[in-house]
Amino acid sequence: MAEQRDVWDNRVAGALAFLRRRLTGDYEVDEFGFDQELTDSVFYPMLRPLYRDWFRVEVRGLANLPATGGALVVANHSGTIAVDAEMLSLAVHDEHPAGRYLRLLGADLVFRMPFVSEFARKSGTTMACDADVDRLLATGELVGVFPEGFKGVGKLYRDRYKLQRFGRGGFVAAALRAGSPIVPVAIVGAEEIYPMIADLKPLARLIGTPYFPITPTFPWLGPLGLIPAPSKWLIEFCEPIDTTEYLGQADDPAVIFNLGDQVRETIQQTVYQLLEIRADGDYRKP
């Protein structure tokens, strides 16, 4: 009984100390606005029940994620709402022994949305621009990018698990400039959380969004339609691609195209493999 009291006393004392620091401004954020204390104390605890109990995320290939130094983590994107980005960030931090933070790159729209922009900044997301990516990689950060962008996250359910085009290869050029490895990541499970059966494009244009989703539950059930389906998730970190042999070739379109295509094909094939593993129910980590 005394031990339980001590545990609760420590929790209350920690919470009060946290609130005091927030109220007095005695906390730090980095040059991009990342608030590590807020992320550890608020954001990640909010996401963990979703990660562990709702999606039951299984992670594979953690040895392919570097424990130190910069790297570009490139993943497929899906799910109508970009929950996969947050689940990937939590997987990097909670599952890897080094407990690293994934600095996600966000589209302009993310930083124009009230509340969402503040959450994004505080949790470590930054603008998807060359200057920010170069600085993050130069300081040894893990940078997360989803080259499919809104084409991936906003695709119809009938196109699930088919990777969309990878933009112009800007992520490859960034890795080449920094000499950082590229780590392809395949995510299975996000496609089912909000199955988009239609896209009301006229309404999307009216409100200034890339798409307006129609799912089996949204907008019919109102706010309840925003509850994600409890799909089973698998995330695999694939073997890193060494870019040091391409130093000085960040402006070569052929090199950028070939490496981008290699990353995309690696992710697509791994997605297919994970779908087979999930269908068999064999989630044992290799």
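These questions and answers go through a predicted model of one protein chain.

Reader: What does the secondary structure of the protein chain come to?
Author: Nine helices and nine strands.

Reader: How many of the 286 residues count as buried?
Author: The share is 46%. To count, a residue must have under 20% relative accessible area.

Reader: Which share of the contacts joins residues at least 24 apart?
Author: Take contacts between residues at least 6 apart in sequence. Of these, 77% join residues at least 24 apart.

Reader: Let's turn to helix H3. How do you know what span to expect for residues 83-95?
Author: The rule is 1.5 Å times one less than the number of residues. H3 has 13 residues, and the expected span is 18 Å. From its first C-alpha to its last, H3 reaches 18 Å, close to that expectation.

Reader: Why is H3 called mostly covered?
Author: Eleven of its 13 residues are buried. Among them are Val83, Met87, Leu90 and His93.

Reader: Is histidine 93 called buried or exposed?
Author: Buried, because its relative accessible area is 15% and the cut-off is under 20%. Histidine 93 has its place in helix H3.

Reader: What does histidine 93 touch, beyond residues up to four places away in sequence?
Author: Asp40, Tyr44 and Arg48 on one part of the list, then Gly99, Arg100 and Tyr101. Each pair has heavy atoms within 4.5 Å, so each counts as a contact.

Reader: Now valine 42. Why is this residue called partly exposed?
Author: Its relative accessible area is 25%. Buried needs under 20%, and exposed needs over 50%. The value lies in between, so valine 42 is partly exposed.

Reader: Where is valine 42 found, and what separates it from serine 123?
Author: Valine 42 is in helix H2, residues 36-54. Serine 123 is 81 residues apart from it along the chain. Their C-alpha atoms are separated by 9.8 Å.

Reader: What makes a space a cavity, and how many are there of 30 Å³ or more?
Author: A 1.4 Å probe fits in a cavity but cannot get out. Two cavities of 30 Å³ or more are counted by this rule.

Reader: What volume has the largest cavity, and which residues line it?
Author: The volume is about 60 Å³. The lining includes Thr39, Phe43, Tyr44 and Leu47, along with Glu86, Ser89 and Ser123. H2 gives the most, with four residues. H2, H3 and strand S3 each supply at least two.

Reader: What classes make up the lining of the largest cavity?
Author: Five residues are nonpolar, five are polar and one is charged. Glu86 is on the lining list, and Glu counts as charged.

Reader: What about the second largest cavity? What space lies in it, and what lines it?
Author: The space is about 40 Å³. Gly79, Lys155, Tyr157 and Glu191 are among the lining residues. By class, five are nonpolar, two polar and two charged.

Reader: What makes a space a pocket rather than a cavity?
Author: A pocket is an open set of points, while a probe in a cavity cannot get out. The second largest pocket has a volume of about 210 Å³. Its lining includes Arg165, Phe166, Asp261 and Arg264. That lining divides into three nonpolar, three polar and four charged residues.

Reader: How do you know that threonine 126 is buried?
Author: Its relative accessibility is 0%, and the cut-off is under 20%, so threonine 126 counts as buried. Threonine 126 is in strand S4. Its contacts beyond four places in sequence include Phe32, Leu104, Phe111 and Asp132.

Note on methods: Residues are numbered from 1 along each chain as its sequence is written. This is a predicted model: local features need pLDDT of at least 70, side-chain atom pairs count only at pLDDT 80 or more; totals for chains, interfaces and linings use all residues. Side-chain values use heavy atoms; hydrogens and water are left out. Buried means under 20% relative accessible area, exposed over 50%, partly exposed in between (1.4 Å probe, protein chains only). On a 1 Å grid over the protein atoms alone, a cavity is a set of points where a 1.4 Å probe fits but cannot get out, and a pocket is an open set with protein on both sides within 12 Å along at least five of seven lines; lining residues have an atom within 4 Å of a point. Grid points are joined across faces, edges and corners, and a volume is the space filled by probe spheres set on the points.
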